[in-house]
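These are my notebook entries on a protein model. I record what I looked up and how each term is defined.

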Amino acid sequence: FSLVKYGLSDCYDGFGIDPGSGRCKDDGFYERSLGTLHFGPTIVSSRISASSDDAEETVSSGYVSLVSPDLELGANKQSSRWVGMRFTNLQIPNSAKIIGAYVQFEVDEKKDTMTTLTIHGQAADNPAGFSTDEYNISKRSLTNAAVSWNNVPAWRKKSDKHNTPDISQIVQELVSRVGWVPGNSIVILVSGTGKRVAESWDGEPDNAPLLVVNYSIDGDCTATGG
């Protein structure tokens, strides 16, 4: 597009706040020599917002619970668990470059057992919520990208917040799918060993898991001004 039309003819480090305004904005930059605008970064977030958007599955039996007051990451006693979380209405463009992403949990129970978790996404454009069908979590298709959360720090205080490691590679794979459009949902799946216990939507809706994504957009433009 024309830099004159969008008020960017005098911009060296920024882009127009309003089309045609001639004003520049510091949260992006324009590389004049390349004719490229870098938009962002932008932060979006989505919190679990329904009982069917977080769930636990007992690996040995395939039993799925949608109404647990907490989410047991890793295992319950001797039985391994899958935890699924669906984050809805993510306004992320298909062309976005994911800079960073994480899931934030609130501690429901104090635990210091040695715990190692593996995080995947569901490989789907706009995945459905969870159901009580057997193996409804573990039978979902997984992303190629996966993130290991090794030696999860002890959760020593109820209501503390803890973030996963960066899961931007998982989110990038999902928003780069051909069928992804802004407003779609993302499902994050967690398995592993040990135990950490987080709040769920049915336990404390306001403190249910939160997905935070930081992204930018690069756009080519024609340097016609200035």
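I began with Glu56, which stands opposite Val83 in strand 6. In strand 4, I found Ser65 as the bridge partner of Glu56. I took helices (H or I, at least four residues) and strands (E, at least two) as DSSP runs, numbered from the N terminus. The model is predicted: local features need pLDDT of at least 70, side-chain atom pairs count only at pLDDT 80 or more, and totals for chains, interfaces and linings use all residues. Residues are numbered from 1 along each chain as its sequence is written, and side-chain values use heavy atoms, with hydrogens and water left out.

I then looked up the pairing of strand 3 (two strands pair if DSSP finds at least two bridges between them). Strand 3 and strand 6 run antiparallel and are joined by five bridges. Strand 3 is also antiparallel to strand 4 (residues 64–65), with two bridges between them. The hairpin of strand 3 and strand 4 has five residues between the strands, and there Gly62 takes a positive phi near 80°.

Is strand 3 mostly covered or mostly open? I noted that five of the five residues in strand 3 (residues 54–58) are buried; buried means under 20% relative accessible area, exposed over 50% and partly exposed in between, with a 1.4 Å probe and protein chains only. In a regular strand the side chains alternate between the two faces of the sheet. Here Asp54, Glu56 and Thr58 point one way, while Ala55 and Glu57 point the other way.

Next I turned to the largest nonpolar core, which has 36 residues. Such a core is a set of buried Ala, Val, Leu, Ile, Met, Phe, Trp, Tyr and Cys residues joined through side-chain atoms within 4.5 Å. Met85, Ile92, Ile98, Ile167, Ile186 and Ile188 touch the most other members. Strand 7 gives the largest share of this core, five residues. A second, separate core of eight residues includes Ala55, Leu66, Phe130 and Val187.

I also listed the contacts of Met85 (heavy atoms within 4.5 Å). Leaving out residues up to four places away in sequence, Met85 touches, among others, Asp54, Phe130 and Val187.

Which residues of helix 1 (residues 168–175) are buried? They are Ser168, Ile170, Val171, Leu174 and Val175. Seen down the axis of helix 1, these residues fall within an arc of 160°, so they line one face of the helix; the arc is that of the directions from the helix axis to the C-beta atoms.

Lastly, I noted that the protein comes to one helix and 13 strands.
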